[in-house]
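Here are my notes for you to read beside the model. Have the viewer open as you go through the points.

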Amino acid sequence: MHQLFAATFVLVAFYSLGRVDCSAYDKIVSHSRIRARKEGPNVCALQQVMGTKKKYFSTCRNWYKGTICGKKAVVLYECCPGYMKLEGMRGCPAVAPIDNVYGTLGLVKATATQRYADISQLREEIEGRGSFTMFAPSNEAWEQLDSGVRSALESNVNIELYNALHFHMVNRRLLTKDMKNDMTITSMYNDLGLYINHYSNGIVTVNCARILHGNQVATNGVVHVIDRVISAVGSTIKEVLDINDDLSTFNGAVLASGMMDKLGQPGHYTLFAPTNEAFNKLSPDYLKRIMEDKAVIAALVKYHLLNSVQCSEAIMAGSVYETAEGTNIQIGCDGDSLTVNGIKMVLKKDIVTSNGVIHLIDQVLIPDSAKDGIELMGDSHRTFHDMVSELGLAAALGPKTEYTLLAPIDDAFTKEVLSKDQTLLRYILENHILKLKVTLSELYNGQQLETLAGKLLRVFIYRTAACIENACMVRGSKEGSHSALHVLRSLIKPAEKTMYQYLVSDGRFKIFLSLMEIAGLTDLLKQEGSYTIFAPTDEAFDGLTREDFELLKNDLNALRIILLYHFSNGIFINGGLEGGVTNLLKTLQGNNLQVKSVNNSIHVNSVDVPDSDLMATNGVIHVVKNVLYPADLPVGRQDLLVLLKKLIKYIHIKYVSGFTYTEIPITFLKRIITTTHYIETVPNVTTVTRYIDGEPTLTKITKVIEGDPTYTKITRVTESEPKVTEVVIKGEPVITTFTRVIEGDPKVTTLTKVIEGEPLVRKITRVIEEDPSYTKVTRVIEGGTVDADGKTFTGPDFSKITTIHGNPNLIDQESERITKIIREGGRFAAARKAPAGMRRRARPVRRHHKPAQ
């Protein structure tokens with residue numbers, strides 16, 4: 001009786017202290033006690049995996065699912081740790097008798113360990129004075145130990161077996177509440193470390209061996225029963241990779257990635273190490289590609305590494321863990337097998353090292369960051385994947401090319417789409433491939449993204465959605481090595497027209513467009529911007545008479561109030577609206593539209609929208625068959641009230657006598673100011689020199705075309721040097737200048753002839769200007785004529801005028817003709833026929849003789 005009281009006192013003392021700092025293990029045991037309260041005092045409910053002897057104090061998740069590691073589990077009721085049954089009494093009312101560590105081994109049914117303590121001369125030590133913690137392997141744990149190892153221990157009990165048992169002991173008392181996650185404690189064998197992990201699901205492991213029955217207090221310590229025999233650990237993960245021939249390929253990858261040093265340093269890691277056979281399953285081209293790209297191979301290696309220790313026995317169901325690469329993997333279990341991302345691939349579990357644990361796997365885990373865009377696509381966009389390949393677009397998407405795939409789900413490719421011409425299908429697909437890598441976090445509202453087809457796509461960011469043009473994204477965006485993937489609910493339809501052009505070409509909105517023009521609002525449909533319009537069809541205006549339209553025309557402010565209530569600033573497409581709630585869109589008129597998105601359809605102010613998401617370059621059009629009007633805006637005139645009641649039957653319009661609409665300032669219309677820039681250029685001058693026998697004769701033919709903004713001047717100069725041939729020119733040297741100026745209206749024509757005593761110079765000038773227009777024409781006239789006094793005038797014949805206009809070649813022809821005249825006899829040669837294409841017309845000429853000096 002005294003012994004029972006003492007044991008009870010010790011247990012109560014320890015557990016009352018434990019409640020101050022309750023561990024996950026203690027919480028799970030408490031929950032198990034609550035679940036079994038109907039079975040009597042101190043009874044715990046456990047789950048046992050069917051077909052095995054594995055039992056767990058389970059979490060709520062496993063308890064209500066009725067499974068552990070995907071296998072059906074049955075419920076067992078047993079005495080909670082430290083308690084016993086009494087015959088004829090319900091539950092477990094008795095406290096187990098307290099004994100030393102050796103005797104406690106018998107109480108917890110670790111009889112194999114107790115026997116080995118006997119034969120190894122450890123019994124005396126654990127029966128004596130001290131404070132010990134013993135992690136005692138269960139009887140089943142000894143049976144599962146490799147037979148060769150067990151035989152070696154049993155053949156050398158005084159050294160090998162004794163040392164092995166000492167490795168399971170710590171020279172102080174440790175309850176589960178004292179065992180913190182990632183804790184290292186010193187064993188009683190050569191001070192080698194024991195690695196403790198305490199998980200949130202209540203599992204506690206020592207060197208990855210699970211504690212089955214914990215906190216069995218003894219007079220000189222505490223006993224924890226574990227599920228396997230543990231062995232000494234001395235190697236790091238790096239050292240294991242170096243010596244394991246089955247991991248040589250992965251070892252090379254780790255070296256190439258620059259991660260090897262990290263795996264040799266202290267830490268708490270879990271490494272899923274692919275074997276050589278796993279790498280042999282990869283294509284040689286892919287393996288070569290990733291090994292040549294340090295960033296990619298580093299991402300691949302990090303994807304196999306967790307910054308935490310995950311022992312296999314701690315996994316009771318699928319859980320998500322973040323990798324060193326930054327993305328997540330799911331680690332689960334299927335019976336006794338571990339799974340990674342839902343696949344059974346673990347060949348060997350729990351290779352414990354001084355800085356973590358290694359699990360060998362038969363597949364290489366490839367993160368998205370080590371894939372190109374084509375490899376990122378999954379089963380939900382198989383059609384897009386196949387079409388990219390079939391239409392020859394995959395060749396342009398190399399592994400080092402930056403691009404982004406906007407992949408519609410398979411349902412987006414209807415029979416109508418797939419029946420289109422292949423050229424058109426290719427164009428559609430090109431508009432789903434961006435020229436740059438753009439991740440989800442880099443998208444922002446109003447952003448423009450260029451496609452392979454050269455189109456600019458707009459990005460719209462909403463509270464619960466991200467959309468590109470009319471297509472919104474669904475979950476599943478991924479980031480590859482040089483590319484990105486975004487999954488879309490529908491095909492993208494890039495905008496081709498403005499809202500005005502769209503409405504005109506559609507043909508259903510003639511009345512709405514005419515009213516917009518009357519109200520002076522047409523530019524709103526044409527100008528740049530981002531608008532949402534609920535456009536009423538002609539059907540919406542059924543019932544209006546000519547007088548009703550005249551009423552609207554005569555009250556522009558009322559007309560603008562009605563029309564602008566159909567416009568909202570910003571682009572709101574169906575997929576961007578938050579489903580199941582009322583989305584308030586403020587209109588340009590000032591009141592709100594109440595918009596709901598239900599079952600992929602839109603309702604505005606309780607009016608159906610039969611056709612939505614018609615994308616325009618300056619907004620989006622949603623079609624309505626009713627005129628919209630704010631329910632909280634009254635009408636102050638009877639005639640207008642009657643008109644509105646003809647149009648609007650879905651709400652009751654309030655009438656307030658004398659109410660007038662506030663005039664809306666049309667500040668949202670953008671005024672376009674055109675600025676004309678005038679550019680002047682220096683006239684180009686072309687000089688041509690000819691050598692003619694005789695006295696030097698200078699002939700200049702100059703054509704100057706002037707205008708605003710440009711001036712063009714063409715100059716041709718013919719010069720000659722003295723030659724042996726003598727040319728006699730009779731008469732005084734003559735300078736002849738002929739000028740004609742043509743100006744708008746009135747028209748002024750001036751003809752001037754000046755005779756001076758300088759060498760003969762003929763100058764032909766034409767000046768053309770734009771607005772106002774000035775044209776100077778200098779014409780070359782051959783032959784002689786008679787002056788006003790009846791005297792013969794020896795010089796060019798002005799009665800035969802040839803116009804050089806519109807044909808630059810005539811300048812060269814005329815120049816050569818003059819040269820020929822000079823060679824054949826100078827300026828007295830007979831007049832010759834003008835070159836083809838030149839007009840000749842006789843005009844009266846007034847001559848003015850220069851007064852004598």
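1. Val-346 has Ile-361 of strand S21 as its bridge partner. Strands S20 (residues 346–353) and S21 (residues 356–361) run antiparallel to each other and pair over five bridges; pairing here takes at least two DSSP bridges between two strands. The two strands make a hairpin, with two residues between them. Helices (H or I, at least four residues) and strands (E, at least two) are DSSP runs, numbered from the N terminus.

2. A word on the source: this is a predicted model, where local features need pLDDT of at least 70 and side-chain atom pairs count only at pLDDT 80 or more, while totals for chains, interfaces and linings use all residues. Residues are numbered from 1 along each chain as its sequence is written, and side-chain values use heavy atoms, with hydrogens and water left out.

3. Now the aromatics. Rings of Phe, Tyr and Trp (its six-membered ring) pair if their centres lie within 6.5 Å, with planes under 30 degrees apart called stacked, over 60 edge-to-face and the rest tilted. How many aromatic pairs does this rule give? The count is five. One of them is Tyr-25 with Phe-57, which is edge-to-face because the planes are at 85°, with the centres 6.4 Å apart. Tyr-25 is in helix H2 (24–35) and Phe-57 is in the loop between strand S2 (55–56) and helix H3 (60–65), so the pair ties together parts 32 residues apart in sequence. Both Tyr-25 and Phe-57 are buried (under 20% relative accessible area, with exposed over 50% and partly exposed in between; 1.4 Å probe, protein chains only).

4. Phe-250 and Phe-279 have ring centres 6.4 Å apart and planes at 35°, so this pair is tilted. Phe-250 belongs to helix H11 (248–257) and Phe-279 to helix H13 (276–280), so the pair links parts 29 residues apart in sequence. Phe-250 and Phe-279 are both buried.

5. Check the charges over rings too (NZ of Lys or CZ of Arg within 6 Å of the ring centre and within 35 degrees of the ring normal). Arg-115 lies over the face of Tyr-116, 4.8 Å from the ring centre. Lys-526 has its charged end over the ring of Tyr-500, 4.5 Å from the centre.

6. Last, Asn-100, found in the loop between strand S6 (94–95) and helix H4 (101–107). Why does Asn-100 count as buried? Because its relative accessibility is 14%. Setting aside neighbours within four places in sequence, Asn-100 is in contact (heavy atoms within 4.5 Å) with residues including Ile-126, Glu-127 and Ala-218.
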